[in-house]
Amino acid sequence: MSSTTAARRTGRGGRSGPGKQSLGLVAWLAGIVFFLPIAWMALTSFHSEADAATNPPSFAAPLTLDGYREFFGAAGGASPWPALINSTVASLASTLFVLVLALPAAYALSIRPVRKWTDVLFFFLSTKMLPAVAGLLPLYLFAKNAGLLDNIWLLVVLYTSMNLPIAVWMMQSFLAEVPVAVIEAARVDGAPLPVILARVVAPIALPGIAATALICFIFSWNELLFARVLTGVVAETAPVFLTGFITSQGLFLAKVCAASLVVSLPVLAAGFAAQDKLVQGLSLGAVK
């Protein structure tokens, strides 16, 4: 009986012993491989331009903050703060609009009896099948004729429309796990739909909403193509500001690494702050 019980426990728990240790080792190796470029970028950002350009690279080169001083305009260059503020406004505003629009849509597709809801989801997904560059010229002509070039709110609208299909897809699966009995109890008490969404559905699906918000924020923060073409000076975002360090005079590697690290910090901080909700949200509904 003991051997049978052990076999059942092994079957339920998955691999054990050397097999489990091998999988853990592979996972650690994969994590190190993905982390090495980031670590190398961080180390290069603290080197001088001469040391950063050496081949092979010099690991024992003296450390300096010159790259960060040049990035923040200490040497007389352009200040990065307007671009960082524009990226923050565009990313946060578009993420907020996406959540406001995606929550009722996901509620209708997961809880309310909508006919052919799978076709609706496929329609949302089909909007992501068009390459972004294919819609660049029409959007540019529209923005030019409407006087919206170099306007940060144009990027907010674009980022909202780009991330909305993904948000609806994600939140539909999250809201499908909300107990219907709780929603029916709120209806019996006379709660209107906005109150049900804000006070009943949203708290239960908070991990999924947090995961959706984080992914939409990352996509908006890292977007370059539309921001590069549709903005100039006033609405320039952080990724566009980064491309200014690559000039015909050469590539300033240390300064680019310093700028890339600074621009990545908001996304890393948001991911670190929401890591618990992100894991819960991405695993929500995976196991019945």
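Trainee: What should I know about numbering and confidence before I start?

Mentor: Residues are numbered from 1 along each chain as its sequence is written, and side-chain values use heavy atoms, with hydrogens and water left out. The model is predicted, so local features need pLDDT of at least 70 and side-chain atom pairs count only at pLDDT 80 or more, while totals for chains, interfaces and linings use all residues.

Trainee: How much space lies in the largest pocket?

Mentor: Start with the general idea. Rolling a probe the size of a water molecule over the atoms shows where empty space is left. Here a 1 Å grid is laid over the protein atoms alone, and a pocket is an open set of points where a 1.4 Å probe fits, with protein on both sides within 12 Å along at least five of seven lines. Grid points are joined across faces, edges and corners, and the volume is the space filled by probe spheres set on the points. In this structure the largest pocket holds about 310 Å³. It is lined by 13 residues, and the closest to its centre are Thr127, Leu130, Ala132, Met162 and Phe226. A lining residue has an atom within 4 Å of a point.

Trainee: Which helix gives the most to that lining?

Mentor: Helices here are DSSP runs (H or I, at least four residues), numbered from the N terminus. Helix α8 gives the most, with four residues. Both α7 (136-146) and α8 (152-175) supply at least two residues each.

Trainee: What classes of residue make up the lining of the largest pocket?

Mentor: Nine are nonpolar, three polar and one charged. For the classes, Ala, Val, Leu, Ile, Met, Phe, Trp, Tyr, Cys and Pro count as nonpolar, Asp, Glu, Lys and Arg as charged, and the others, Gly among them, as polar.

Trainee: Which residues form the nonpolar patch on the surface?

Mentor: A patch takes residues with over 30% relative accessible area and no salt bridge; nonpolar side chains (Val, Leu, Ile, Met, Phe, Trp, Tyr) are joined within 5 Å, like charges within 9 Å. Areas come from the Shrake-Rupley method with a 1.4 Å probe, and for residues only the protein chains shown count as cover. This patch is made of Phe72, Trp81, Ile85, Val89, Leu96, Phe97, Val100 and Trp153. Together they have about 800 Å² of accessible area. Helix α5 (residues 81-110) gives the most, with six residues. Phe72 sits in the loop between α4 (66-71) and α5.

Trainee: Is phenylalanine 72 buried, exposed or in between?

Mentor: Buried means under 20% relative accessible area, exposed over 50%, and partly exposed in between (1.4 Å probe, protein chains only). Phenylalanine 72 has 33% relative accessibility, so it counts as partly exposed.

Trainee: How many salt bridges does the whole structure have?

Mentor: A salt bridge is a side-chain nitrogen of Lys or Arg within 4 Å of a carboxyl oxygen of Asp or Glu. The search finds two. In one, arginine 69 pairs with aspartate 66, with the closest N and O atoms 2.8 Å apart. These two are three residues apart in helix α4, so about one helical turn separates them. Arginine 69 is partly exposed at 45%, and aspartate 66 is partly exposed at 37%.

Trainee: Which residue pairs with glutamate 70?

Mentor: Lysine 255 does, with the closest N and O atoms 3.7 Å apart. This pair links distant parts of the chain: glutamate 70 is in helix α4 and lysine 255 in helix α14 (residues 253-273), 185 residues apart. Glutamate 70 is partly exposed at 31%, whereas lysine 255 counts as buried at 14%.
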